[in-house]
Amino acid sequence: MTNAADEKKVNKDLKNPVARILGIETSCDETAASVVENGREILSSAVASQADLHAQFGGIFPEVASRQHILAIYPIVDQALKEAHLRLADLDGIAVTRGPGLPGSLVVGINMAKGLVIGSGLPLLGINHLEGHLYSAWLREEGKGKKKEPKFPLLALLVSGGHTELILMKDHLVYERLGGTLDDAAGEAFDKVARLLDLGYPGGPAIQEAAEGGNPKAFDFPRAWLDDSYNFSFSGIKTAVLREVQQLEKQKSKLPIADLAASFQAAVVEVLIRKTILAAEEYKTKDILIAGGVSANRALREQISAQKKYRVHIPPLSLCTDNAAMIAGAGCYRFCAGQRNDLEMDAAPTWSISEL
Ligand code: KG4
Ligand code: ZN
């Protein structure tokens with residue numbers, strides 16, 4: 001079999017990138033590998049989550065994460081190739097998350113990718129994890145047919161465990177970062193409040209579930225508008241929940257978990273949506289893209305989708321949280337744009353999207 005890019009020559013038309021890329025992702029607590037064709041078609045996607053392992057610590061334990069990646073990386077890459085019915089020789093390149101993320105976790109994926117590159121002679125592509133999240137919006141789930149694709153310029157809200165960013169995406173691979181969190185990321189706030197309410201880890205899905213049937217207006221938690229700037233702050237709301245819990249415990253009241261979770265979730269979602277809409281209005285974008293782990297949140301998805309003035313793009317649930325299809329997807333675009341990394345490539349644990 002010949003490479004996809006050989007068949008149609010490497011094209012620089014980023015609307016229709018032609019490439020078959022293996023993606024590897026180990027930036028946090030998921031070991032993942034995937035093969036994606038032409039930036040859109042997922043040929044395979046294997047994810048080994050460590051969430052259960054970290055649950056006992058109430059958060060990610062970096063040493064444990066790296067060791068677990070070492071155990072899982074080979075079988076996961078093998079699984080991704082087998083499920084795609086492909087060998088390395090059938091691919092055009094190997095994309096791997098270079099950052100941002102945990103240094104000890106990133107190097108496991110990077111070293112695996114380098115080993116495969118040495119063995120196969122394929123090009124190496126270092127991918128920014130946040131760019132990967134954005135490109136999850138172009139991926140198609142198997143058997144789900146065509147969907148409307150994002151159009152440029154678009155306003156992207158990237159909400160994950162480590163990041164909360166508003167990004168103006170002017171074209172493929174062209175970004176302007178408008179703002180981000182000054183303290184906790186949105187996902188981090190979900191995780192910390194879940195710990196406070198004894199709901200377990202990861203906190204996002206736990207809060208969402210606990211909030212079902214709760215009254216989102218029961219508690220008026222603070223919204224940090226920050227003069228309507230495009231920056232965010234979520235540490236105040238976390239402290240406000242803590243104070244409320246302490247107060248209730250002092251009165252020996254039973255904690256109204258559903259109301260606390262629903263009110264917290266409502267406050268976070270309101271801020272995320274209002275700032276996204278403000279930015280979309282200022283930059284006159286018709287398309288809004290939401291990506292990252294918190295974009296799996298039902299309240300956020302429903303409320304942003306109700307904004308009929310905009311075409312809203314949110315990846316399917318399986319592609320919101322960390323996966324390697326998004327890295328392979330972004331890798332197809334980077335490959336077609338001519339990016340090639342050498343074997344000196346190091347991890348970039350604090351790599352901002354503004355540096356792209
Ligand atoms: O993108 P991601 O998988 O990893 C990072 O790049 O950080 O995001 C993980 C974050 C966690 O903080 C998790 O609590 C949050 O996404 N999350 C959610 C939901 N599912 C995951 N937050 C709110 N609602 C959810 N349903
Ligand atoms: Zn992520």
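The briefing below begins with conventions and then goes topic by topic.

This is a predicted model, in which local features need pLDDT of at least 70 and side-chain atom pairs count only at pLDDT 80 or more, while totals for chains, interfaces and linings use all residues. Residues are numbered from 1 along each chain as its sequence is written, chains are lettered from A and ligands numbered from 1 in the order in which they are written, and side-chain values use heavy atoms, with hydrogens and water left out.

**Overall build**

- The protein has twelve helices and ten strands, where helices (H or I, at least four residues) and strands (E, at least two) are DSSP runs numbered from the N terminus.
- Its radius of gyration, taken over C-alpha atoms, is 20 Å, close to the 21 Å that the globule rule gives for 356 residues, so the protein is as compact as a globular protein of that length; the rule itself is 2.2 Å times the number of residues to the power 0.38.
- Taken along the principal axes, the box filled by the C-alpha atoms is roughly 70 × 45 × 35 Å.
- Of the 356 residues, 55% are buried, a term that means under 20% relative accessible area, with exposed meaning over 50% and partly exposed in between (1.4 Å probe, protein chains only).
- Among contacts (heavy atoms within 4.5 Å) between residues at least 6 apart in sequence, 73% join residues at least 24 apart.
- The accessible surface, from the Shrake-Rupley method with a 1.4 Å probe, comes to about 15400 Å², and 51% of it belongs to carbon and sulfur atoms.

- Helix H6 (residues 186–196) has as its buried residues Ala186, Gly187, Ala189, Phe190, Asp191, Val193 and Ala194.
- The cover over these buried residues includes strand S6 (154–159), strand S7 (164–171), helix H7 (203–211), helix H8 (235–250) and helix H9 (257–282).
- Just after H6, Asp198 takes a positive phi of about 60°.

**Backbone details in loops**

- Most residues other than glycine have a negative phi, and most peptide bonds are trans.
- The peptide bond from Phe152 to Pro153 is cis, with omega near -5°, and Pro153 lies in the loop between H5 and S6.
- A cis peptide bond also runs from Tyr201 to Pro202, with omega near -5°, and Pro202 is placed in the loop between H6 and H7.
- In the loop between H7 and H8, Asp228 has a positive phi of about 55° although it is not a glycine, and Asp228 is partly exposed at a relative accessible area of 34%.
- In the loop between H8 and H9, Lys252, likewise not a glycine, has a positive phi of about 60°, and Lys252 is exposed, with a relative accessible area of 76%.
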